[in-house]
Amino acid sequence: MAGTSGGIVAALTAAALGTVGFLAFRAQATVPANLSGSPGPGASAAAAAGKAPRDRRDPTALPSASGTGERVVYSVDDDRVWLVDGRERTLRGFPVRPGSVDPAPGTYWVSSRSNAVTGTDGVPIEHVVRFTTVNGVTIGFSAAVGDGGQAVPDPAVKTGGIRETRADGEAMWNFATIGVKVVVIR
């Protein structure tokens, strides 16, 4: 009898954890307006108008017109991310593989996070950091579990997952908590 009770408790716990994960993923729909992931009035003119200026000697350097303060900077043209602290120091910069739906240039804020879920493409992902939605497609950073995110995505599936390596995903997870600014540039 004790073995059966333990199995029931384990099954109920697993079901509860699955439900909580699903509800956390869907909670983005009820994010307060100030964290809604819409481009904010603080979006820089350069980011909204066109490509931010680049350092020709170091193309991986943080673009000069990419906002101020603590932030995540994401270049949709360069498929690159920078984590910038409050003293304007780049803590980490790395390449990413975008989904099929891009966010518009502008300023957003991290609105929800999940430690582990399944992406819209069916791939198990971890360290999910979401910041906006475009036409019903959630946009955020994540790292694929297993294949390292190298599988070719199905072009018929609209995805907003900006895939990182697992190491970069962990750095993003530790840096980009709820409310951290995300600046999207060209």
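The structure is a prediction, so local features were kept only at pLDDT of at least 70 and side-chain atom pairs only at pLDDT 80 or more, while totals for chains, interfaces and linings use all residues. Numbering starts from 1 along each chain as its sequence is written, and side-chain values use heavy atoms, with hydrogens and water left out.

Four strands make up an open sheet in the order 5-6-7-8, with mixed pairing. Strands here are DSSP runs of E with at least two residues, helices are runs of H or I with at least four, and both are numbered from the N terminus; two strands pair if DSSP finds at least two bridges between them. Strand 5 (112-118) and strand 8 sit at the edges, each pairing on one side only. From one strand to the next, the twist averages 30 degrees. Strands 7 and 8 run parallel and share four bridges, and glycine 140 stands opposite glycine 161 in strand 8. Helix 3 lies across strands 5, 6, 7 and 8, at about 55 degrees to strand 6. Axes are lines fitted to C-alpha atoms (for helices, over the stretch in contact), and angles run from 0 to 180 degrees between N-to-C directions.

Strand 7 also holds isoleucine 139, which counts as buried at 0% relative accessibility. Buried means under 20% relative accessible area, exposed over 50%, and partly exposed in between, using a 1.4 Å probe and protein chains only. Among the residues that isoleucine 139 touches, beyond those up to four places away in sequence, are Val101, Pro103, Phe131 and Ile162; contact means heavy atoms within 4.5 Å. Proline 98 is 41 residues from isoleucine 139 in sequence and 9.6 Å away in space, C-alpha to C-alpha. Threonine 159, in the loop between strand 7 and strand 8 (161-164), is buried too, at 8%. Leaving aside neighbours within four places, threonine 159 is in contact with Gly99, Ser100, Val101, Thr120, Asp121 and Val137.

Now for the core. In soluble globular proteins, nonpolar side chains tend to be buried together. A nonpolar core is a set of buried Ala, Val, Leu, Ile, Met, Phe, Trp, Tyr and Cys residues joined through side-chain atoms within 4.5 Å. The largest one has 24 residues, and Val72, Val81, Phe141 and Met172 touch the most other members. Elements giving two or more residues to this core include strand 1 (71-75), strand 2 (80-84) and strand 9 (181-185), but helix 3 gives the most, with four. Methionine 172 touches Val72, Val81, Leu83, Phe94, Val129, Phe141 and Glu164, not counting residues up to four places away in sequence.

Charged pairs round out the picture. There are six salt bridges, each a side-chain nitrogen of Lys or Arg within 4 Å of a carboxyl oxygen of Asp or Glu. Arginine 166 and glutamate 126 meet at 2.7 Å, N to O, tying helix 3 to strand 6 across 40 residues. Arginine 166 is partly exposed at 41%, whereas glutamate 126 is buried at 14%. Aspartate 77 pairs with arginine 186, with the closest N and O atoms 3.4 Å apart. That pair links the loop between strands 1 and 2 to the segment after strand 9, 109 residues apart. Aspartate 77 is partly exposed at 40%, and arginine 186 is partly exposed at 31%.
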